[in-house]
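Please view the structure first.

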Amino acid sequence: MVGAKIVIIFDFDRTLIDADSDRWVVENMGLTHLFNQLRPTLPWNALMDRMMEELHSEGKTVEQIAECLKDVPLHPHTISAIQSAHDLGCNLKVVSDANEFYIETILKHHGLERYFSKVITNPISVDGEGRLRIFPYHMASCNLCPPNLCKIQASLSEKGKSRFIYLGDGRGDYCPTLKLDKGDHVMPRKGFPLSDHLLSDPNLLKADSHEWSNGQELESILLQLIEKLYKE
């Protein structure tokens, strides 16, 4: 693989972490009832921004949200896989429909932020009153992705110059995996929507697929793929 780099792209929710960060905050900060009421009426990104408005109205601070996020489960083998992949010279990125605050808070809590060259996700700001605001990354035209973030447009800018390993679990990860080339690899989480989509029509996929179920399997498969790519 002379002259090429290995780019490893992690989805965040239910891939890098063992939870959905949006739902974690909703459930652990007492928002489940309001969330269920509003879920049919708002797009996901706007719904999460509305949840932040509700927390602010209840007097909950950004610091309290951060403390809640620090309890999100992250498998120790996933942590060591990230560290090992970085040490082996891979370029690691996160591409997620979560948001900057959630992702950066969790990565920093586990000492992982320095291993990633880029985090591509929905931006945030904290307004003058201390309320966390969540905004869409962009309005995507792709009919396979969420309306605010097409992961293929965001993540594969180095396509053609690098070999890719893409790890994901959800429907939003289907679009980028279909754009991977022969010689690239996708790691769908077993039993989740991405795996089901790929199994429904495997002929659409040019990359090699490797299912995993937990952090231990993620680490083992990922490091094997990195070794294989470096030998090619």
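## Helices across the sheet

Helix H6 (residues 76-87) lies across strands S1 (5-10), S2 (91-99) and S3, running at about 140° to S2. Helix H7 lies across S2 and S3, at about 130° to S2. Axes are lines fitted to C-alpha atoms, for helices over the stretch in contact, with angles from 0 to 180 degrees between N-to-C directions. Helices (H or I, at least four residues) and strands (E, at least two) are DSSP runs, numbered from the N terminus.

This is a predicted model: local features need pLDDT of at least 70, side-chain atom pairs count only at pLDDT 80 or more, and totals for chains, interfaces and linings use all residues. Residues are numbered from 1 along each chain as its sequence is written, and side-chain values use heavy atoms, without hydrogens and water.

## The sheet

Six strands form an open sheet with parallel pairing, ordered S3-S2-S1-S6-S7-S8. Strands pair if DSSP finds at least two bridges between them. S3 (116-122) and S8 (208-209) are the edges, each with a single partner strand, so one side of each has no neighbour in the sheet.

## Strand S7

S6 (residues 162-168) pairs with S7 in the parallel sense over four bridges. Leu167 stands opposite Met187. Gly168 has Pro188 as its bridge partner.

Both faces of S7 (residues 185-188) are covered. His185 and Met187 on one side, and Val186 and Pro188 on the other, are all buried (under 20% relative accessible area, 1.4 Å probe, protein chains only).

Technical notes:
Buried means under 20% relative accessible area, exposed over 50%, partly exposed in between (1.4 Å probe, protein chains only). Contact means heavy atoms within 4.5 Å.
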